[in-house]
Amino acid sequence: MNGSEIIDFIKWVAIIFPILYFGYFLIPCGLSYYYFYVFRFEKFKDRKIYAERPTRADVWREIRASTSTIFIFSIGTALVREMIINGQTLVYFDWDAYPWWYHILGFFLIMVVHDAYLYWTHRFMHIKGIFHRVHLTHHRSLYPTPFAVFSSHPIEAVIAYTIIPLLLIMIPIHLWLLIFYFIYNLFTNIQGHLGFEIFPKGFFQLPLIRFSATPTSHQIHHVHFNKNYGGYFNFWDRVMGTYSEEKPSSRKISAIRFQ
Ligand SMILES: [Zn+2]
Ligand SMILES: [Zn+2]
């Protein structure tokens with residue numbers, strides 16, 4: 001990179017950061033938090049996975065810890081933008097470049113590879129000695145709110161973003177599907193940290209859907225620590241014996257706190 005390219009890169013980080021920062025906090029997090037925890041709390045009270053309500057201090061801690069993550073993601077996004085423009089990825093712009101069925105397959109392939117990456121890096125971050133340095137920031141939210149999605153240590157943020165350019169040099173995907181993928185990823189993450197089981201009972205027992213991670217399964221991870229590491233699916237958890245539908249009691253949670 002020469003001088004003007006570096007300045008251009010910094011300019012893009014400066015453009016992307018406020019868009020991600022305010023876009024993320026105000027729209028998906030702010031709206032879902034306001035709707036479930038304030039506006040319609042009484043209506044959804046029975047769907048709260050644990051009765052405990054995060055305090056205002058918890059929410060501010062999550063927002064503070066998300067700031068460095070969003071900054072790192074902004075650098076990552078500027079880098080990915082650069083790679084796409086320079087033709088260094090397999091991102092394509094023409095719908096006719098591939099048959100119609102490939103657009104669906106490519107999207108699904110990205111999900112499957114990303115899910116495996118999430119599972120194994122997540123397990124890595126739970127190794128004794130690594131957990132306290134890298135992953136504890138995220139686990140300080142025993143009862144997370146939507147603001148906990150990006151609430152993580154900067155090293156965890158780097159690990160989380162590294163897969164994105166790797167996916168894009170391995171699997172062809174249309175630019176609009178990629179943008180949709182990021183929105184979908186954020187939606188599933190918010191659902192996992194919502195604290196409410198929004199889907200009807202029995203929904204996750206349906207064929208295929210039973211392999212999806214659920215709001216309850218990720219809430220169980222936040223209190224159980226060594227169960228349900230999966231991102232989109234529970235496939236790897238089932239294969240590796242780390243899957244659990246058992247919701248630990250509040251007493252048990254205090255015993256395993258920050259182990
Ligand atoms: Zn989490
Ligand atoms: Zn974890």
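## Zinc site

His139 is buried, with a relative accessible area of 0%, where buried means under 20%, exposed over 50% and partly exposed in between, using a 1.4 Å probe on protein chains only. In this predicted model, local features need pLDDT of at least 70 and side-chain atom pairs count only at pLDDT 80 or more, whereas totals for chains, interfaces and linings use all residues. Residues are numbered from 1 along each chain as its sequence is written, chains are lettered from A and ligands numbered from 1 in the order in which they are written, and side-chain values use heavy atoms, with hydrogens and water left out.

The zinc ion (ligand 2) is coordinated at 2.1 to 2.2 Å by the NE2 atoms of His122, His126, His135, His139 and His221; donors are N, O and S atoms within 2.8 Å of the metal (3.2 Å for Na, K and Ca), and sites may look incomplete because water is not among the atoms. Along the sequence, these donor residues follow the spacing H-x3-H-x8-H-x3-H-x81-H. Distant parts of the chain are linked here, since His139 lies in helix H5 (residues 131-139) and His221 in helix H8 (residues 215-224), 82 residues apart; helices are DSSP runs of H or I with at least four residues, numbered from the N terminus. His221, at 0% relative accessibility, also counts as buried.

## Salt bridges

The whole structure holds four salt bridges, each defined as a side-chain nitrogen of Lys or Arg within 4 Å of a carboxyl oxygen of Asp or Glu. Among them is the pair Glu42 and Lys45, at 3.0 Å from N to O, in which Glu42 is exposed at 58% relative accessibility and Lys45 is partly exposed at 39%.

Asp58 and Arg61 form another, at 3.3 Å from N to O, and they are separated by about one helical turn because they stand three residues apart in helix H3 (residues 56-85). Asp58 is partly exposed, at 26%, while Arg61 is buried, at 18%. Arg81, partly exposed at 24%, pairs with Glu82, their closest N and O atoms being 3.8 Å apart.

A search of the whole structure finds one cavity of 30 Å³ or more, a cavity being a set of points on a 1 Å grid over the protein atoms alone where a 1.4 Å probe fits but cannot get out, with lining residues having an atom within 4 Å of a point. The largest cavity contains about 40 Å³ of space, and its lining includes His218, Asn228, Phe233 and Asp237.

Note on methods
1 Å grid on protein atoms, 1.4 Å probe; cavity = no way out; pocket = protein on both sides within 12 Å on 5 of 7 lines; lining within 4 Å. Points joined across faces, edges and corners; volume = space filled by probe spheres on them. Helix = DSSP H or I, 4+ residues; strand = E, 2+ residues; numbered from the N terminus.
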